[in-house]
Amino acid sequence: MSFSISFFQNMWYTHFMAKIKELSFYKKKKKISPTIVREIFTWLFGILVAVFIAGVLVYFLGMTTNVVGVSMVPSLYNEQKIYINRFLYVVSSPARGDVVVFLPNGNENAHYYVKRVVAVPGDSVLVSNGILYVNGLESPWVTERISDPGIVENELTLGVGEYFCIGDNPGNSEDSRSANIGPVQETDIIGKVWFRAPCEQLGMGFVK
């Protein structure tokens, strides 16, 4: 009989101590205040916003490519890395003097062409005696004599969404003068070149 009482006493004691431990656990447990919750969510929101902004900047301003050939010398050199602004032409259109990157005739298998916009929609373009004329005035964007006028040997008027693009080194440039390229459609323009990385011939800097 004493064995049974002792057995039940031990069981009761064990059960009682377990309850005591549970109570002490709940006493120690602290509630999370609304202030802490707000701080955590503010912190997480800040991180998400920063990541989003960084992603947008990389997408619109961080696209890079390399110049192919010498058509843009002395502004840009062969294999020089350039940075492209893709956002600018989402909110505006290319302007005369912009250095742009485009795919000729939208051909995605071609390398990116890097040229300077010398005429915009509605402009008339003519090369006469080696000089580029836009709307009857000598263009300030091509200073070298042009030996091959190509398709603008006779005056050409650009249509809606058409841009005439020529390399800064026109004697070594395949550009809008070529019949197989012609005026560049705005939809084929990737963006504006805004910055150049350093190369052997030229240091880093903004592209004008």
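I count two strands as paired if DSSP finds at least two bridges between them. Strands themselves are DSSP runs (E, at least two residues), numbered from the N terminus.

My model is predicted: local features need pLDDT of at least 70, side-chain atom pairs count only at pLDDT 80 or more, and totals for chains, interfaces and linings use all residues. Residues are numbered from 1 along each chain as its sequence is written, and side-chain values use heavy atoms, without hydrogens and water.

**β4 and its partners.** I looked up β3 (residues 99-102) first. β3 pairs with β4 in the antiparallel sense over four bridges. Within that pairing, I found V101 bridged to V114 of β4. β4 also pairs antiparallel with β9, over three bridges. There V117 has C165 as its bridge partner. I then checked burial (buried means under 20% relative accessible area, with a 1.4 Å probe and protein chains only). In β4, seven of seven residues are buried.

**The open sheet.** Next I traced four strands in the order β7-β6-β5-β8, with antiparallel pairing. β7 (137-138) and β8 (156-157) are the edges; each has a single partner strand, so one side of each lacks a neighbour in the sheet. Two bridges join β6 (residues 131-134) to β7. One partner pair is V134 and L137.

**The core.** A nonpolar core is a set of buried Ala, Val, Leu, Ile, Met, Phe, Trp, Tyr and Cys residues joined through side-chain atoms within 4.5 Å. The largest has twelve residues, among them V118, L132, V134 and F164. β4, β5 (124-128), β6 and β9 (162-166) each give two or more residues to this core. I then listed contacts (heavy atoms within 4.5 Å). Leaving aside neighbours within four places in sequence, L132 touches residues including V118, V125, L137 and I166.

Conventions: Buried < 20%, exposed > 50% of the residue type's maximum accessible area, 1.4 Å probe, protein only.
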